[in-house]
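Thanks for coming, everyone. I have one structure to walk through today. Please take a look at it before I start.

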Amino acid sequence: MNKIKLSVAALLIAGASYGQSTYERVQETVKKREALDYRINDLIDAVRMDAWYGKISQETAKYYIEELAAIKEVNIVITNGIAIYGRNKQKW
């Protein structure tokens, strides 16, 4: 009986929080993620150009590109979580 009560309570809480994320907030979050993706891509291109012209070594460029790609991936994962679960409380 306790498991049923907990299951019903969990479903009620999930249902109550489901409608808290509006379509406009999700669209705003997606636009911010895309803007950040463009900035990260610009940084990756700049690092590649610096490596091409010999301002930094190839190993250093590879390291920075891998780190920027990891940041980009985290940005996508976090933004998808915000869009799905409606956790958009932080003001950018």
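First, a caution. What you see is a predicted model. The mean pLDDT of the chain is 75. Of its residues, 61% reach 70 or more. Helix α1, residues 2-18, has the lowest mean pLDDT among the elements, at 54. Helix α2 has the highest, at 86.

Now the layout. The chain has three helices and zero strands. Read along the sequence, the pattern is α-α-α. There are 92 residues in the chain, and buried residues make up 17% of them. The chain exposes about 7700 Å². Carbon and sulfur atoms supply 61% of that area.

How about contacts along the sequence? Take the contacts between residues at least 6 apart in sequence: 68% of them join residues at least 24 apart.

On to the core. Which residues make up the largest nonpolar core? There are seven: Ile40, Ile44, Val47, Ala51, Ala61, Ile65 and Leu68. The elements that give two or more residues to this core are α2 and α3, the latter spanning 58-85. Helix α2 gives the most, with four residues.

Start with Ile44. Ile44 sits in helix α2. Its relative accessible area is 10%, so Ile44 is buried. What does Ile44 touch, once residues up to four places away in sequence are set aside? The answer is Ile65, Leu68 and Ala69. Look at Leu68 in particular. Ile44 and Leu68 are 24 residues apart along the chain, yet their C-alpha atoms are separated by 7.0 Å.

Val47 then touches Ile56, Ala61, Tyr64, Ile65 and Leu68. Ile65 and Leu68 are also on the contact list of Ile44.

Next, the charged residues. Side chains of opposite charge can pair when their charged atoms come close. How many salt bridges does a search of the whole structure find? It finds two.

Here is one of them. The side chains of Glu28 and Lys32 meet in a salt bridge, at 3.1 Å from N to O. Both residues lie in helix α2, four residues apart, about one turn of the helix. Glu28 has 39% relative accessibility, so it counts as partly exposed. Lys32 has a relative accessible area of 26%, so it is partly exposed too.

Now the other bridge. Arg33 forms a salt bridge with Asp37, and the closest N and O atoms are 2.8 Å apart. Arg33 and Asp37 are separated by about one helical turn, because they are four residues apart in helix α2. Why does Arg33 count as buried? Because its relative accessible area is 17%, and the cut-off for buried is under 20%. Asp37 is buried as well, at 10%.

Stay with Asp37 for a moment. Setting aside residues up to four places away in sequence, Asp37 touches Lys72, Asn75 and Ile76. Follow that to Lys72. Lys72 is in helix α3. At 23% relative accessibility, Lys72 counts as partly exposed. Leaving aside its neighbours within four places in sequence, Lys72 is in contact with Asp37, Ile40 and Asn41. Ile40, remember, is part of the largest nonpolar core. Lys72 and Arg33 are 39 residues apart in sequence and 9.2 Å apart in space, C-alpha to C-alpha.

Last stop, the surface. Where is there a nonpolar surface patch? Look at Met49, Trp52 and Tyr53, which make a patch of about 470 Å². Trp52 belongs to helix α2, residues 23-52. Why is Trp52 called exposed? Its relative accessible area is 69%, and exposed means over 50%.

To recap. Helices α2 and α3 supply the core. Two salt bridges turn up in the whole structure. One nonpolar patch includes Trp52. And keep the confidence in mind when you look at helix α1, with its mean pLDDT of 54.

Key
Residues numbered from 1 in each chain as written. Predicted model: local features only at pLDDT ≥ 70, side-chain atom pairs only at ≥ 80, totals over all residues. Heavy atoms only, no water. Patch = residues over 30% accessible without salt bridge, like charges linked within 9 Å, V, L, I, M, F, W, Y side chains within 5 Å. Areas by Shrake-Rupley, 256 points an atom, 1.4 Å probe, with all protein chains shown as cover. Salt bridge = Lys/Arg side-chain N within 4 Å of Asp/Glu carboxyl O. Buried < 20%, exposed > 50% of the residue type's maximum accessible area, 1.4 Å probe, protein only. pLDDT = per-residue confidence, 0-100. Contact = heavy atoms within 4.5 Å. Core = buried A, V, L, I, M, F, W, Y, C linked by side-chain atoms within 4.5 Å.
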